[in-house]
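Me: Hey, I'm new to this one. Can you walk me through it?
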Amino acid sequence: MEKYAVIFPGQGVQFSGMGKNIYEKYGKIREIYKLAGKILDVDIKNICFNGTQEELRLTQNAQPAILLTSYASYLAMIEEIQCKPTIMMGHSLGEITALLAAGIMKFEDALGLVKARAIAMDRAVEMMPGAMCAVMTPDIEKIEIVCKKIKKSGDYVEIANYNTLYQTVISGTETAIIKASEIFNTYNIRCVRLNVQGAFHSKLMESAVEELVATANQISFKESDIDVISNVNTEYYSEIENIPDNIGKQIISPVCWTHGLEKIKLEGITNIIDVGPGNVVANMVRKQEWFKNVMSVKENEAEIIRLFREHKKKNLVKKCLALAVCTPNFNSDAAEYQSGVILPYKKLSELNEKLLKENRSANKQEEAEAVKLISTIFDTKKITNDERNRRMSEIEECINY
């Protein structure tokens with residue numbers, strides 16, 4: 001499989017039992033759940049595996065539980081496929097998961113930040129209750145006109161999520177959401193109320209920003225070789241000067257999801273994997289019709305592993321060719337070099353061309369032939385045993401994958 005992007009879900013994808021299969025399969029995942037319980041001072045494992053619908057709906061439970069499950073799913077997937085993504089993006093809460101998975105922040109810091117985020121947002125909801133509604137139309141201009149009309153009347157509603165080309169979420173007061181739904185119904189535009197208690201990603205969350213930024217300011221953020229896209233402005237976090245401020249802005253700004261997907265597309269990435277409970281963000285991406293493969297760990301775990309293993313197998317001969325070229329030569333005998341390096345390299349090239357033409361991986365016999373040829377090249381070039389062992393281990397990774 002070619003380079004790929006990972007996307008993480010936000011609040012609303014939680015369900016009782018999420019992550020239990022991963023917990024039971026991987027020892028290191030069990031340690032993460034144990035650590036999470038200590039950090040949060042709550043039995044988060046029990047909430048994830050046995051929580052009632054009402055318990056899991058609570059923001060203070062849902063946000064840490066989703067981050068924990070998504071991160072555990074990511075670690076399990078990486079252990080299986082042994083290939084990191086190029087880009088990550090998370091929907092709302094999922095952005096914190098992306099920062100964690102990319103190594104921009106530590107696990108302890110991410111959980112602490114999400115805990116503070118959930119508490120601050122809960123308090124904001126108590127102060128300024130609100131509602132959210134998904135509007136099913138590609139006509140963004142019409143949505144903006146309706147929002148402006150309602151605000152002119154003295155009420156408040158704004159666009160909160162640019163989810164897909166056909167779904168935009170609005171956020172505001174209860175009365176404003178009711179008014180907006182009634183107006184859209186006159187245009188025969190379907191609206192769906194979201195099962196939330198607050199007007200997330202709107203100015204009604206402003207009271208939560210200061211506390212969230214204060215918590216983020218205590219975190220030491222690191223650089224990463226994986227790009228993470230911000231919901232606020234679709235910039236990479238590596239380009240953002242003040243990460244804590246951006247994290248604060250995220251809860252009062254629209255989630256620019258479609259814009260972020262466009263950025264991924266412009267990078268030439270056509271493979272997307274939804275990592276976390278459910279397949280909500282995968283389904284949102286599928287509606288864009290921009291990507292070749294859109295999969296979710298929940299639906300396509302076996303297929304994801306198979307694709308990466310097949311790709312690794314296809315790279316075996318290519319890996320041998322690359323190592324043959326980059327390995328230094330310490331043999332000055334021209335005749336030995338011709339028979340022990342040039343001819344084996346030619347045979348490897350011919351095998352590689354054959355596999356490419358037939359669009360398949362090497363079979364066992366061809367794998368053995370490739371290993372024999374590269375081994376001959378290493379021996380002829382007279383490299384040290386340590387160097388030889390190191391390079392052979394790279395090849396064995398492709399075979400044993």
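Reply: Tyr23, Tyr33 and Phe49 are linked into a cluster by ring pairs (Phe, Tyr and Trp rings, Trp by its six-membered ring, with centres within 6.5 Å). The model is predicted, so local features need pLDDT of at least 70 and side-chain atom pairs pLDDT 80 or more, while totals for chains, interfaces and linings use all residues. Residues are numbered from 1 along each chain as its sequence is written, and side-chain values use heavy atoms, leaving out hydrogens and water.

Me: How many aromatic pairs are there in the whole structure?
Reply: A search finds five. One of them is Tyr23 with Tyr33, edge-to-face at 5.4 Å centre to centre and 85 degrees between the planes (under 30 degrees is stacked, over 60 edge-to-face, the rest tilted).

Me: And how do Tyr33 and Phe49 sit?
Reply: That pair is tilted, with 5.5 Å between centres and 40 degrees between planes. Tyr33 is in helix H2 and Phe49 in helix H3 (residues 44–50), so the pair ties together parts 16 residues apart in sequence. Helices here are DSSP runs of H or I, at least four residues, numbered from the N terminus.

Me: Is Phe49 buried or exposed?
Reply: Buried, at 9% relative accessibility. Buried means under 20%, exposed over 50%, partly exposed in between, with a 1.4 Å probe and protein chains only. Tyr33 is buried too, at 3%.

Me: New topic: how do H10 and H11 cross?
Reply: The axes of H10 (residues 206–216) and H11 (residues 243–250) come within 8 Å and cross at roughly 150 degrees. Axes are lines fitted to C-alpha atoms over the stretch in contact, with angles from 0 to 180 degrees between N-to-C directions.

Key. Helix = DSSP H or I, 4+ residues; strand = E, 2+ residues; numbered from the N terminus.
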